[in-house]
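Try each task on your own before you read the solution.

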Amino acid sequence: MPLTLRARKFLRWVPAYPQRMSLSSVLSTALKTSFVRGKQSPWVSRGPHRSQRKQLLTKIEGNTVHFKDGTTADVDVIILCTGYHYSFPFLEDELRLKAANVLYPAGLYKGTLWTRGGNNKLLYIGMQAQYYSFTMFDAQAKWVVDYITGEFSVPDKQNYGERLQQMDCQVIFSRSRMDDLKDADEQIDFQTTYMADLVKESNYGYNLDISEFLHAWFKYKMADITTYRDHSYTSKHTGTKSPVRDIPFMKAFDDSMQSFLKQ
């Protein structure tokens, strides 16, 4: 029998990153209580009132969970959100990207071309922590297509020289800049610069800088994670502002196309 969400208590045993807090905000409409594991963060403190922040889970006895701070809670469901952890066990070790979810993984020239093996014939797409997401994937794909079709070239491992040293230095420099970023606004600007570089080198043909919108989006999300989806934005390319739905996101339970188009 399916578990009814109404009035259930959930334990989401995850770090309190913004993506996970989105889950908590959605579930808060149906749950009696949810517990979020993680460090203090603005998303926890300003999130749904039914969410409580907890630290280390030490023991489970039946439906009772014990926390490091000595408190306990009776929960119906434990949700483990694993996040984005890349794994490529089918690749040989010298070809395998092993990276956390960061803005510029080590070993990837232009964030795509693997430099630690494979003689520059292995490329990854979408391995970064993402603000631009699908827009970035498309720009990376254009760069990869141009590289494969010979629009530009990079030196192979048998011909170390000045250009290859420049490739290695570019990766090191980008990662050092990444390590110095202080907040999400600087991270957005960092990825915007990365996008501009891809667009220029691949002759993408469009200006993909939407940092203005991303800064606003992040500001709304910081203010209230339950309402940030209700804001609308103006298209960079058409100048058309999207309409605001009549029903707030937190109350829009019908996700059919008919319901969406009526708003």
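**Exercise 1. The surroundings of His66**

Task: Find which residues His66 touches, leaving out residues up to four places away in sequence. Then decide whether His66 is buried or exposed.

Solution, step by step:

- Remember as you go that this is a predicted model.
- Start with the location: His66 sits in strand S5, which covers residues 64-67.
- Next, look for neighbours. With residues up to four places away set aside, His66 touches Leu56, Leu57, Thr58, Lys59, Glu61, Thr71 and Thr72.
- Pick out Glu61 from that list. The side chains of His66 and Glu61 are joined by a polar contact of 2.9 Å.
- Finally, check the accessibility. His66 has a relative accessible area of 18%, and buried means under 20%, so His66 is buried.

**Exercise 2. Two aromatic pairs**

Task: Work out what kind of aromatic pair Phe88 and Tyr124 form, and what kind Tyr220 and Tyr233 form.

Solution, step by step:

- For an overview, the structure holds 14 aromatic pairs.
- In the pair of Phe88 and Tyr124, the ring centres are 5.3 Å apart and the planes meet at 70°. Planes over 60 degrees apart count as edge-to-face, so this pair is edge-to-face.
- Now place the two residues. Phe88 is in the loop between strand S7 (77-79) and strand S8 (108-109), while Tyr124 is in the loop between strand S9 (113-114) and helix H3 (134-148), so the pair ties together parts that are 36 residues apart in sequence.
- Check how covered they are: Phe88 counts as buried at 15% relative accessibility, and Tyr124 counts as buried at 6%.
- Turn to Tyr220 and Tyr233, whose ring centres are 6.4 Å apart with 55° between the planes; this pair is tilted.
- Tyr220 belongs to helix H6 (residues 211-223) and Tyr233 to the loop between H6 and helix H7 (257-262), so the pair ties together parts that are 13 residues apart in sequence.
- Tyr220, at 30% relative accessibility, counts as partly exposed. Tyr233 counts as partly exposed too, at 25%.
- To finish, return to Phe88: ring pairs link Phe88, Phe90, Trp114 and Tyr124 into a cluster.

**Exercise 3. A patch on the surface**

Task: Find which residues make a nonpolar surface patch of about 390 Å².

Solution, step by step:

- The patch is made by Met257, Phe260 and Leu261.
- Take Met257 as an example. Met257 is in helix H7.
- Met257 has 62% relative accessibility, and exposed means over 50%, so Met257 counts as exposed.

**Exercise 4. Positive phi values**

Task: Find where Lys110 lies and where Asn203 lies, and look up phi for Lys110 and for Asn203.

Solution, step by step:

- Begin with the general rule: most residues other than glycine have a negative phi.
- Lys110 has a positive phi, near 55°. Its place is the loop between S8 and S9, and Lys110 is buried, with a relative accessible area of 7%.
- Asn203 also has a positive phi, near 50°. Asn203 lies in the loop between helix H5 (184-201) and H6 and counts as exposed at 63% relative accessibility.

**Exercise 5. The whole chain**

Task: State how many helices and strands the protein chain has, and what percentage of its residues count as buried.

Solution, step by step:

- The protein chain has 7 helices and 9 strands.
- Of its 263 residues, 38% count as buried.
- Consider contacts between residues at least 6 apart in sequence: 53% of them join residues at least 24 apart.
- The chain exposes about 15700 Å², and carbon and sulfur atoms supply 53% of that area.

Notes
Residues numbered from 1 in each chain as written. Predicted model: local features only at pLDDT ≥ 70, side-chain atom pairs only at ≥ 80, totals over all residues. Heavy atoms only, no water. Helix = DSSP H or I, 4+ residues; strand = E, 2+ residues; numbered from the N terminus. Buried < 20%, exposed > 50% of the residue type's maximum accessible area, 1.4 Å probe, protein only. Contact = heavy atoms within 4.5 Å. Areas by Shrake-Rupley, 256 points an atom, 1.4 Å probe, with all protein chains shown as cover. Polar contact = N/O pair within 3.5 Å; in protein donor to acceptor, adjacent residues only side chain to side chain. Phe/Tyr/Trp six-rings, centres within 6.5 Å; stacked < 30°, edge-to-face > 60°. Patch = residues over 30% accessible without salt bridge, like charges linked within 9 Å, V, L, I, M, F, W, Y side chains within 5 Å. Salt bridge = Lys/Arg side-chain N within 4 Å of Asp/Glu carboxyl O.
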